[in-house]
Amino acid sequence: EKDYKRDISRYKATNSFKEGWVHIDFMDNIFVPNKSIELSVVAKYPIGLHKEAHLMVAHPLQWVDGLRETGFERIIFHIEAEDDTNECIEYIKSKGLEVGLAINNQTHVEKLQPFVDKIDIVLVMTIVPGFQGQPFIPEALEKVRKLKSMNGSVKLGVDGHVNDTDAKQIVSSGVDFMIVGSYLLEGDIDENLETLWEAVNG
């Protein structure tokens, strides 16, 4: 809780994050060997941005109602989760929320094919999920290229070790957005964001 409070306070104090989305990870120590903050902590420290949840959990269905009550507008869960994928998609949509699917590097992209027309977002993992600071997996960008040819309308993003070194090749792969976490928090957030923009546009 202490770390979350500190990070949220730092984001709120910057000039760069007055609007847009904040991406919050939730882990259950089952799907990935790590446990994250509880929903009650998120509710305790509000932030004036749209909130999306990334559920690295075995049973995403159990989280949907609580996330909606905590003000989340979009839920991304893993294609590798144990709950029925179609059931999860339909339940999330029935609550008036946007829905996305995340895919791990070892999972074949074809597994997403039956679902891409039903969802808003695909999130390609460029690290092994569960821990911050892992090395970037460039091969994951091939998934982005394949997904681009599979369905042009679904928004494509990547998540995992996004920094100024990798940003250019990520954007070149055709993504619509990138999840940037620990890179921004290492030093001055506004300066790091500026460096990232320069890397992308340079």
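Biologist: What makes β6 and β7 a parallel pair?
Modeller: Two strands pair if DSSP finds at least two bridges between them. Strand β6 (residues 155-159) and β7 share three bridges in the parallel sense, so they count as paired by that rule. One of the partners is known by name: Val158 bridges to Met178 in β7. Strands here are DSSP runs (E, at least two residues), and helices are H or I runs of at least four, numbered from the N terminus. The model is predicted: local features need pLDDT of at least 70, side-chain atom pairs count only at pLDDT 80 or more, and totals for chains, interfaces and linings use all residues. Residues are numbered from 1 along each chain as its sequence is written, and side-chain values use heavy atoms, leaving out hydrogens and water.

Biologist: What makes Leu112 a contact of Val122?
Modeller: Contact means heavy atoms within 4.5 Å. Leu112 touches Val122, and also Ile79, Leu101, Ile103 and Leu147, not counting residues up to four places away in sequence.

Biologist: Why is the set of 57 residues called a nonpolar core?
Modeller: The term covers buried Ala, Val, Leu, Ile, Met, Phe, Trp, Tyr and Cys residues joined through side-chain atoms within 4.5 Å. Buried means under 20% relative accessible area, exposed over 50%, partly exposed in between (1.4 Å probe, protein chains only). The largest such core has 57 residues, and Phe26, Leu55, Leu67, Leu112 and Val122 have the most contacts inside it. Helix α8 (residues 189-201) gives the most, four residues.
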